[in-house]
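This report goes through the ring pairs, charge pairs, surface patches and backbone details of one protein structure. Please keep the sequence and the structure beside you while you read.

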Amino acid sequence: MTTIDRLGIQGIRSYGPEQEQAITFTPPLTLILGPNGSGKTTVIESLRMATCGVLPPNSASGQAFVHDPRVSHVASTETKGKIRLRFLRGNGTKVTVSRLFQLSNKKGANRVEKQQYKQFDGSIEMKTKGEKDTHINNKCAEIDKLVPELMCVSTAVLQNVIFCHQEESNWILGEPKVLKEKFDAIFASTRYSKALEQVKKTQTELKSTIKDKERDEAEEKQLKKHAHETTQKLRKCEADKTAADQKTERLDVEIKSSDSKISKCNEGLQTLQQGKDHAKHCDERIAWNHKEMQKVSNRITSQMDDSKEELLKAKDEIEKQLESAEDSRKKDKDEVEKTREAKEKCGETLHESESQLSRATAELDVMKGQESERLKLAKIIADQFDM
């Protein structure tokens, strides 16, 4: 725990620049009493300036904080002020913080006096029992950060709680936004909020990165799936090509068989044509026989005077001749019918062979088209995958 041990003030507010005025703080409590204008508030302002480096309100940018040289007992155009604070750290280290100031009166244009405030670099001296003393001379901004760290108290707590100026003590009734900023600083939630924002930002970036990775993974899976499907299609096309080649070979065999059947049908057609020619010849012969019979009938002009036995005998002979001629005609007619039946069978066989030939030709054209499409598809796939 840090405790304030001693405060020295010189040339600040109502404290003159001739001699340093020191206050020793005794634990557990130090009371400061005095009439108005005796410098009680200056003690708080000096403690605040020594620890936080913050000027009090209504100090005219420091010109009203340093003792005015015009009211000094010693005639001078400038006043040098000094605040020296000593506090004890929890480990027993004595830390002394010194801050130096200067207020000068200078004549400007039209011989009008103008005051100029200046703050010099501060110093920190640390004394630890049994160790070498440490001196730190640094800029004010760095001293302002280092002192609260040495006191183990945040700047916001020192400025707004412990050494809060009486004119700023009503900050808790201020604007909500300002109030929130002060509370965030006092409870050190600003760093937490920034860290939380950084965590959220990092989380958003990681989510975005994960989404990109997932999208890339999905695209790679899609490409892999497409490649697998293409490979399957290629294998299927190769299998279809093999089946088509086998079917083509089978169709070639069937075409050869059909050609053999067509040859047989052509032979049957030739036989049928020969039968037609023979039947025509038979019809011509029958017609000729009828003409001859008609001629014979026309030549009979009178009845025969032969006896009945002779006529019967002649009749029997003529009937025998007629029966022989009829038998010959029937044979010729049967041959004609057989020839016609053979012709019809050959026609049916020819028609069936022509149908088979047409189907086989159509299937062959389809298979050639499919084979061409497969070859094109295989070429496209090979070009796409550099196969």
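## Aromatic rings

Rings of Phe, Tyr and Trp (its six-membered ring) are taken as a pair if their centres lie within 6.5 Å, and the pair counts as stacked when the planes are under 30 degrees apart, as edge-to-face when they are over 60 degrees apart, and as tilted for the rest. The model is predicted, so local features need a pLDDT of at least 70 and side-chain atom pairs count only at pLDDT 80 or more, whereas totals for chains, interfaces and linings use all residues. Residues are numbered from 1 along each chain as its sequence is written, and side-chain values use heavy atoms, with hydrogens and water left out. With the ring rule in hand, Phe 65, Phe 101 and Tyr 117 are found to be linked by ring pairs into a cluster.

How many aromatic pairs does this rule give? The count comes to four aromatic pairs. Helices here are DSSP runs of H or I with at least four residues, strands are runs of E with at least two, and both are numbered from the N terminus. Phe 183 also forms a stacked pair with Phe 187, at 5.9 Å centre to centre and 10 degrees between the planes.

Trp 171 is buried at 15%, Phe 183 is partly exposed at 29%, and Phe 187 is exposed at 60%.

## Salt bridges

Side chains of opposite charge can pair when their charged atoms come close. A salt bridge is counted when a side-chain nitrogen of Lys or Arg lies within 4 Å of a carboxyl oxygen of Asp or Glu, and the structure holds 16 of them. In one of these, Arg 48 pairs with Glu 168, and their closest N and O atoms are 2.7 Å apart. Since Arg 48 lies in helix 1 and Glu 168 in the loop between helix 3 and helix 4, the pair ties together parts that are 120 residues apart in sequence. Arg 48 counts as buried at 2% relative accessibility, while Glu 168 counts as partly exposed at 27%.

Asp 144 forms a salt bridge with Arg 99, and here too the closest N and O atoms are 2.7 Å apart. Asp 144 belongs to helix 2 (residues 140-151) and Arg 99 to strand 4 (residues 94-107), so this pair ties together parts that are 45 residues apart in sequence, and both residues are buried. Glu 217 and Lys 221 form a salt bridge with closest N and O atoms 3.6 Å apart; they are separated by about one helical turn because they are four residues apart in helix 5 (residues 189-299). Glu 217 is partly exposed at 39%, and Lys 221 is exposed at 54%. Salt bridges also link Arg 6, Glu 20, Lys 82 and Arg 84 in a network.

## Surface patches

Patches are made of residues with over 30% relative accessible area and no salt bridge, where like charges are joined within 9 Å and nonpolar side chains (Val, Leu, Ile, Met, Phe, Trp, Tyr) within 5 Å. The areas come from the Shrake-Rupley method with a 1.4 Å probe, and for residues only the protein chains shown count as cover. Leu 29, Leu 31 and Leu 33 make a nonpolar surface patch of about 420 Å². Leu 29 sits in the loop between strand 2 (21-24) and helix 1 (40-52), and it is exposed at 62%.

## Backbone details

Most residues other than glycine have a negative phi, and most peptide bonds are trans. Pro 27 and Pro 28, however, are joined by a cis peptide bond with omega about 0 degrees, and Pro 28 lies in the loop between strand 2 and helix 1. Arg 13, which is not a glycine, has a positive phi of about 50 degrees and lies in the loop between strand 1 (3-10) and strand 2.

Conventions: Buried < 20%, exposed > 50% of the residue type's maximum accessible area, 1.4 Å probe, protein only.
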